Amino acid sequence: MDSPSAMDYPAAKLLHKSLPPFSPLVPVALLPYIAFLLLTATFGLAFYFSTLPKDKLPAREAAVALTASALGGFGVVALFCTVGVYV
Amino acid sequence: MAARWLVLLCLLSQSLVFAAHSFENTAIVRTVELGGSLVHVTTTYAVKSLEAGSQKYVIALGEKEGKSTSYLEAKLKGQNDALVVEGHALDPKDGAYHYTVGLPKPLAVNATVNLVLDTVQTHVTYPWPEQASQKEEQSLKYESDLFVLSPYKTATQRIKIRAPSPRIISHTTPEIPDNFATDSIATKSGATVTYGPFTNIPASANADFIGQHQKHVVVHYLYEYPVVEVTTLERTAEISHWGANLNIENSLNLHNAGPKLKGQFSRLDHQSQMFYNRLAPHVLPALTLHLPPGVHSTYFYDLNGNVSTSRFRPAPSVPKASQSNQYSLLELRPRYPLMGGWNYSFTFGWDSPLADSAAYDKNTGKYIVGVPVQTHVAGSIVDEAKIKIIFPEGATDIEIFPPFAPLSQELSTHITYLDTTGRPAVTFKYENLTDKHVGTIYVTYKVPLLAHLQKPKAVAIALLSLFTFAFASRRVDYRLTKS
């Protein structure tokens, strides 16, 4: 951080004006629906995890846990953004 | 290239042997616009060059004047581009602050040019009488040195002090020695007090002139609006990429710098004044703020909790960096009206779509965001300001472009919801911000795609640990008896 490499203030201002505006990876209007879907899926998978048999080599349990965690991760972030805590 | 030059104030403290070329001032006219806490001064120098190729003109401000000047800009008359100004430390020998202005083109002998210097002075007015009851008027005194100093000779000089209304209670008429004075020394007409014209003033930016000839003037005038001072302002701008949102939160300590309240606060008097819509001029019942268009979800709270006496009138979003004059209106009414000398601390903030303030360069992967320095309360002065810009987690290659040099800037780490490594944050410190200090701070940074996934990953790992615990716990026998 510190003084700019090649730009000064007027150049930064021009750059800010000329570049295309920021657009998120996922459109913000969809976030509530994505949150709902992902969190329902996480809940369902967690329930399914609890019904799985206890194998010696827990391949199924691991797979279900991993997918549920991944979906839950994105679902919680989408949930935070939906309620107004923009993380 | 019609570039807009920045006003550079780099303080060089070596003793000054001016590489300044010779000039002569044919006329200097200074107009002082009195306000509440801010005083706007415009000085026009009609300059004649005495040497060929002269390009550096030196402006001098007296000691008290230089200390109270918090904004300085020099331009050629009729042009919009600010000239490069270099400030020098106070010269103890001369007792004046010197500023070297670089003229755009070197001047030939006897060429003339008109230079306009805009300055804003802060903390130069004070309420007089110092106490006023709830029903009395508010009057302020403005004190200043009379003559405009200059290291060059001045043929004629005139100072006009303009009050906001024609109700000027008094103004001093100093005694001017005969060699400077013409027939009129001080004349008041309407809302303007004109001192001068004064003729044949020698080079005045030195201790001799200041000691022998400099005069002191005081203008006592009635002021019809509350004098607002923001003692501290803390602004926090948080950038969120997942929510595509820019949240700006301000914590202010508001101070009414008018005459202190004499006697007790009478609710009865206050209510009757409000009913007839005739509040005393030094009472501040509400604040009206102009926020950028497109903001939503404003909030206003203080130490006690949410303050519901506010009204937000939104304006639709405009494209990023557009020059439109649109603004949203936020009317804040503190829990109590601010009488003279009273303080009120509160926090207000809003969310705005990130697309209104940020841009993205696909080729370099750089994001650039513009954050306004302050939301100016009309006519106020901000004594101390701290602006903190919080970047998304994992931001790298941070570059900052403040519109005017801060007192200090530092990098820190800010930790908030769902953060693991914390977010980089830059804090700027400013002092004495006026209505001219309403620029935008531009910051650029890069966030790799993997850094965007840091938050979902953190939550996923937390959930995975829960699943691991469940996995282990399923295989433990919790039965109390073995049967």
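This is a predicted model: local features need pLDDT of at least 70, side-chain atom pairs count only at pLDDT 80 or more; totals for chains, interfaces and linings use all residues.
Figure 1. The exposed residues A:Leu14 and A:Ser18 are carried on the face of H1(A) turned away from its buried side. The buried residues of this helix, which spans residues 9-18, are A:Tyr9, A:Ala12 and A:His16. Viewed down the axis of H1(A), these buried residues fall within an arc of 60°, so they line one face of the helix. They pack against four elements of chain B, namely strands S25 (358-361), S26 (366-372), S28 (396-401) and S31 (440-446).

**Figure 2. The buried and exposed sides of helix H2 of chain A.** H2(A) comprises 21 residues (31-51) and reaches 30 Å from its first C-alpha to its last, close to the 30 Å expected at 1.5 Å a residue. Its buried residues are A:Leu31, A:Ala35, A:Leu38, A:Thr42 and A:Phe49. Because they fall within an arc of 80° when seen down the axis of H2(A), they line one face of the helix. An α-helix has 3.6 residues a turn, so residues three or four places apart point the same way. The buried residues of H2(A) pack against helix H3 (59-83) of chain A together with helix H5 (454-474) of chain B. On the other side of H2(A), the exposed residues are A:Tyr33, A:Phe36, A:Leu37, A:Phe43 and A:Phe47.

**Figure 3. Packing of H3(A) against H5(B).** The two helices pack at an angle of about 145°, with their axes 7 Å apart, and H3(A) passes H5(B) in a right-handed crossing. Residues of H3(A) in the contact include A:Glu61, A:Leu66, A:Gly72, A:Gly73 and A:Phe74. Among their counterparts in H5(B) are B:Lys455, B:Leu463, B:Phe467, B:Phe471 and B:Arg474. The residues of this contact divide into 14 nonpolar, three polar and three charged.

**Figure 4. Cis peptide bonds in chain B.** Most residues other than glycine have a negative phi, and most peptide bonds are trans. A cis bond joins B:Trp128 and B:Pro129, with omega about 5°. B:Pro129 lies in the loop between strands S8 (125-127) and S9 (131-132) of chain B. The bond from B:Gly196 to B:Pro197 is also cis, with omega near 0°, and B:Pro197 is found in strand S14 (residues 192-201) of chain B.

**Figure 5. Positive phi at B:Asn200 and B:Leu418.** B:Asn200, in strand S14 of chain B, has a phi near 50°. With a relative accessibility of 57%, B:Asn200 counts as exposed. B:Leu418 has a positive phi of about 60° although it is not a glycine. This leucine lies in the loop between strands S29 (408-414) and S30 (423-433) of chain B, and B:Leu418 is partly exposed, with a relative accessible area of 23%.

Technical notes. Residues are numbered from 1 along each chain as its sequence is written. Chains are lettered from A and ligands numbered from 1 in the order in which they are written. Side-chain values use heavy atoms; hydrogens and water are left out. The expected span of a helix is 1.5 Å times one less than its number of residues. Buried means under 20% relative accessible area, exposed over 50%, partly exposed in between (1.4 Å probe, protein chains only). The arc is that of the directions from the helix axis to the C-beta atoms. Contact means heavy atoms within 4.5 Å. Axes are lines fitted to C-alpha atoms, for helices over the stretch in contact, and angles run from 0 to 180 degrees between N-to-C directions. A crossing is left-handed if the near helix is turned anticlockwise from the far one by less than a right angle, and right-handed if clockwise. Ala, Val, Leu, Ile, Met, Phe, Trp, Tyr, Cys and Pro count as nonpolar, Asp, Glu, Lys and Arg as charged, and the others, Gly among them, as polar.
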